[in-house]
Amino acid sequence: MRPLDPRLLRQARAARSYVVLTALLGAASAALVVVQAFAIAHALGPVVVATGPGGDGALDPARTAPWLVVLAGAAAGRAAVGWAQERYGRRAATHVVADLREQVVAHAVELGPRPPAGARPADVATLATRGLADLEPYLVRFLPQLLLTALVTPATVLVVLGLDWVSALIAAVTLPLVPFFMWLIGTMTAGTSERRLATVERLGSQVLDLVAGLPTLRAFGREIGPGARVRALGESSRRATMATLRVAFLSGAVLELLTTLCVAIIAVGVGLRLVHGGIELVPALAVLVLAPEIFLPLRRVGAEFHASSDGLAATARAFAVLDMPVPPPADRAAPGAVGGMLVLDDVTVRAPGRNVDAPAHLSARIPLGTGEPGGGRVVALRGPSGAGKSTLVLLLLGLLRPDEGRVLLAPSAAGEDAQELDRVSGWWEQVAWVPQRPAIGPGTVHDVVTDGRDVPLPTLEAVARTTGLDTVLASLPDGWRTRVGLGGTGLSVGQRQRVALARTLIGATDRPVVVLDEPTAHLDARGEQVVLDTVRAWRDAGRTVVVVAHRGSVLALADQVVDVDAREVVAS
Amino acid sequence: MTDPLRQLLPLLEIRWSRVARAVALGTLTLVCAIGLAAAAAWLVARASQMPPVLVLSVATVGVRAFGTGRAFFRYLERLASHDVALRGMAALRANLYERIARGGADVVALRRGDLLARVGSDVDDVGDVVVRAMIPAAVAVVAGLGSVLLVGVFLPAAGLVLLACLLLTGVVSPWLASRASASVELRGAAARGEVAARTLELLEDGQQLRVGGLLADRRAGLRAAEARLAAATDDGARVAGVSAGIEAGAQTLAVLGCLLLGVPAALAGDLAATELAVVVLTPLAVFEVTAALPAAAVQLRRSRAAARRLLELLSPADGASAPAPEARPVRPGTSGHLVLTGVGAGWGGPAGATVVSGVDLDVRPGSVVALAGASGVGKTTLLLTAAGLLAPTAGEVDGHGLFVAEDGHVFGTTVLENLRVARADVDEAEACDALAAVGLGDWLDGLPDGLATVLGTGGSDVSGGERRRLLVARALLAPHRVLLVDEPAEHLDARTADALVETLATIARTTGRSVVLASHRLAPLGTADEVLLLGHHGTNETGAPAHVLARGTHADLLRDVPDYRWAAGQELAPA
């Protein structure tokens, strides 16, 4: 596992400047550590010599005063570096997370309505919100320590080498032992800790399962009994967790043992060589102060190891989404839909997760409205649930590519010069789509329906009556001015559909094709009549209405009915 | 208001002797760290005076021992403190479960999945307070005072300097860190919520936004929300930066202070050279004592918030709660007779809002009554009231029914244990009979381990239809004679749903149980003895409660009620 994913630096611009900043601050803090050690040694050493048995007990204050000033400067410098790392590091980390989140979300949308496993909206939502949040501790806490290890550790070892080569050698021999022992313990215990972690998770989920089942248990009047079981499960969960921790903490203990023992050995070595005059007091003191600093970043890296594995896992998941190939971009312009024709040529789509083709080998020619009053058409898509009607809608919108066959748009009813819909650009400017659950907002109902256009109130009210939006408005606290969508009043699916219908009626007058997916599913008799009236109005205006229909009343209105059927795939 | 953590603490059943052990081990760890620095300082200073090597032998052994002991004690301390925390979490989970089960929390809260989903992480957060806040704070106090004493014995003024610097890193810096994290969480909460909502919108409605040409606009919206979140984080980072700066500078400051005080004292002869080295160099190791405290302060605040949420779960503040458990003794009732007289049903008890009013119903053994009406009209509320899980807002309920929820829980255990939820002494033969009665005989035969097959999370998957049938089988094994079944058709295809209703009716008639079922699908209701159509007159813009619009057999209603006829007609599968 690499501690820093290079793709992160390539993909997120904010990450690059963050790493540069952190490296600069790391270099500064390495310099300050060394300066501090020298200042302490030079301020302390002469005093110890002067007041020792051989000394005269007197010392010119001018010898130590400059070093005290330097030490004060080091204190200020370290405070400043610590402040800057926290102050700007956190900000940069927020930017990196935001940058990556937007890319992941945008890419997931580009993947189309049937993304591969791991990029479904629910998966990506978890990744983009909770998962990428794990990146922040990684960036704020782990990465700086890692860079410090790379900068401070070699720098201090080099300085110690200049002061006392024996101590430097001891440190240089110990340093590689640390990762080696951690690796050794890691490999020796990997299997057992994973098995135990699985046990811990299973026990934890059993407790949650019981709590989640409480309403059921209470309905049966059996809610008291499992209390003892929750307690017992908690106890075995604790035992299993402790067994895991006994192993997991070992690597931390080895790291700590090696580093502190090394500091102790350096201290004793320096002391014994001082007795024989093998080293001067001032360098000895500097080595003593520097020795723990050699290992400090490494110990902190170990302490933040969890942040690193969580952050790297989130990064890996984000790049797994970003690496999924998007459908090829459109390479030609869509023909005009007015007076044209949609052609389904032996179209088959494998239903996700089922051994079913839905639709299966569907062929149809759907002439489109002429745009003249009276020249409109209503096309119903009919079939039992699961037959692939909504899939067909996605195909007709060019959002989905059929597994077999082609979906074409021809500029004339003759069907010539047809283009495949998933390859053209400009088709979406000709279509208004009202899905089963239309996206609404954010904004006031007025803004959502007019989509920013200047629409006179009488027109708006007429449209509201046509689409049944008037009853929805009556139930909203501020009528047209009610905020809906994000942070606004929640709308039911039926209410959303009416808002979307009104929006389509007003805002999409320039779009010759209207696609409705089950517009009446959640409506009562009156609501359905309103929708049918709307469909009729569109047809009278010369537009084409493609409607997924479950109910007889819609079918009765249709000029053309396309029957959609699923077929089970026989394993060959 | 008292501290929610303190209120919740008894539920953790913490044994203070264990805490003391962890604190002692933590203190020993720091004694080793500080001892190492002090002994090394003395050793180097003394050695520079070139004494006989034997003089140094105690110090060299001490340095090595401290160097070894530290890792050893740290390992034991981490195990001890995690043990305390895990015991606390296990006890808290069990106690929470018992409190909730005994009726501390209401049925409304329990039906909200998000609340339950949070219980797990909230319990962890409360438990973490032991490892991350309580024990480090106690260790910091003991070890910090110890090192102040050590330095103070040699030079009292230097001890005071060290104390002042420790207070900076141990009190001021954690306080600032906690304040910073509070401000980020508080001020960033709205922005964070908006980022999450916009992310979700883009992901769920992304295809519509693409077709509608709104994708770029929504991406810009997400960017703007991220910018607001970054601004809130930035405000917190300003304070957190000061906290980090104090932490980084305090150590050097302490050394400087000790030098400024120690050097004149040494030159005046009040302090030996070796003592001066100890006074000046010990502070370099002391600040490890407070290193964990800023994080501890943040954890303390987070744990307190988690504790507050758990307490709310235990005692809902708004009073929208079920009757106290005493009001509903578990007495299944031996007759299949249920009588509702002028019952009003709604949330919030007699003072709350009534959703359905004026329902009279007499369900006789062996009969099937159906509640029909649009989604959201209040069928479930009425069933919950009839089951005694909600107090009626008006009228009386006589008899005890078993509420069979549409989303009843299938536990992650064996088929048999799932059935034993109904009654502890269900034997295998009874279980097989009940499964056969609901048409799951073939399903049972197909299971790898029969009744011992583990279902649910981590076990065999159960399809929607099988799940509903399993829930009905479980209800049949309960001692209750009245079954109140909510939306048996939900999430099932028409044929499966209708068959399930048929099964229920057959069982009721052959066993003398009675069944009340709520269904928004009308087609299968021909099998019911009576259908109650719930609804509102007109469009209900006033928010008045629903009531019984019409009642009679399915055939009566088809004949007499146009809306009912229309709705039933729409259910016919398209040709």
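Which residue of β12(A) does Val434(A) stand opposite? The legends below, drawn from a predicted model, answer this question and then turn to other parts of chains A and B.

**Figure 1. The pairing of β9 and β12 in chain A.**
Val434(A) stands opposite Leu516(A), a residue of β12(A). The strand β12 covers residues 513-517 of chain A, and its pairing with β9(A) is parallel, with four bridges. β9 itself covers residues 431-434 of chain A and is an edge strand.

**Figure 2. The open five-stranded sheet of chain A.**
The pair β9 and β12 belongs to an open sheet of five strands in chain A, whose order is β9-β12-β13-β5-β14. The strands of this sheet pair in the parallel sense. At its edges lie β9 (431-434) and β14 (560-563) of chain A, each of which has a pairing on one side only. On average, and with direction ignored, neighbouring strands of the sheet are turned by 15 degrees against each other.

The loop between β3 (356-357) and β4 (362-367) of chain A contains Pro359(A). The peptide bond that joins Ala358(A) and Pro359(A) is cis, with an omega of about -5 degrees. His361(A) is also placed in the loop between β3 and β4 of chain A. Although His361(A) is a residue other than glycine, its phi is positive, near 45 degrees. Is His361(A) exposed or partly exposed? His361(A) counts as partly exposed because it has 14 C-beta neighbours inside 10 Å, and the exposed class ends at 12 or fewer.

**Figure 3. Asp346 in strand β2 of chain A.**
Strand β2 of chain A runs over residues 341-348 and includes Asp346(A). Asp346(A) is not a glycine, yet its phi is positive, at about 55 degrees. The count of C-beta neighbours inside 10 Å is 12 for Asp346(A), so this residue counts as exposed.

**Figure 4. The overall build of chain A.**
Chain A contains 17 helices and 15 strands. Its radius of gyration is 36 Å, well over the 25 Å given by the globule rule for 572 residues, so chain A is more spread out than a compact globule. The C-alpha trace of chain A spans about 115 × 60 × 55 Å along its principal axes. Of the 572 residues in chain A, 48% are buried. When contacts between residues at least 6 apart in the sequence of chain A are considered, 81% join residues at least 24 apart.

**Figure 5. Domains of chain A.**
How many residues does domain 1 of chain A contribute to its contact with domain 2 of chain A? The domain assignment divides chain A into domain 1 (1-164 + 303-326), domain 2 (168-278) and domain 3 (335-568). Four residues from domain 1 of chain A and four residues from domain 2 of chain A take part in the contact. The C-alpha centres of domain 1 and domain 2 of chain A are separated by 25 Å.

An unreviewed UniProt entry gives the annotation "transmembrane region" to residues 20-44, 64-81, 138-159, 165-186 and 247-268 of chain A. In the model, residues 20-44 of chain A are 100% helix and 0% strand, and their end C-alpha atoms are 36 Å apart. Residues 138-159 of chain A are likewise 100% helix and 0% strand, with 30 Å between the end C-alpha atoms.

**Figure 6. Domains and annotated transmembrane regions of chain B.**
Chain B is divided into domain 1 (4-314) and domain 2 (342-536 + 546-569). The C-alpha centres of these domains of chain B lie 53 Å apart. Under "transmembrane region", an unreviewed UniProt entry lists several spans of chain B, including residues 21-45 and 129-151. Residues 21-45 of chain B are 100% helix and 0% strand, and the end C-alpha atoms lie 35 Å apart. For residues 129-151 of chain B, which are also 100% helix and 0% strand, the end C-alpha atoms are 31 Å apart.

**Figure 7. The covered helix α11 of chain B.**
Helix α11 of chain B comprises residues 379-386 and is mostly covered, with eight of its eight residues buried. Among these buried residues are Lys379(B), Leu382(B), Leu383(B), Leu384(B) and Ala386(B). After α11(B) comes Gly388(B), which has a positive phi near 85 degrees.

Key: Residues are numbered from 1 along each chain as its sequence is written. Chains are lettered from A and ligands numbered from 1 in the order in which they are written. This is a predicted model: local features need pLDDT of at least 70, side-chain atom pairs count only at pLDDT 80 or more; totals for chains, interfaces and linings use all residues. Domain bounds come from an automatic or database domain assignment. UniProt positions are given in the numbering used here, feature names are shortened, and annotations may be inferred rather than shown by experiment. Helices (H or I, at least four residues) and strands (E, at least two) are DSSP runs, numbered from the N terminus. A residue is buried if 20 or more other C-beta atoms lie within 10 Å of its own, exposed if 12 or fewer, and partly exposed in between; C-beta atoms are placed from the backbone. The radius of gyration is taken over C-alpha atoms; the globule rule is 2.2 Å times the number of residues to the power 0.38. Two residues are in contact if their C-beta atoms, placed from the backbone, lie within 7 Å. Two strands pair if DSSP finds at least two bridges between them. Axes are lines fitted to C-alpha atoms, for helices over the stretch in contact, and angles run from 0 to 180 degrees between N-to-C directions.
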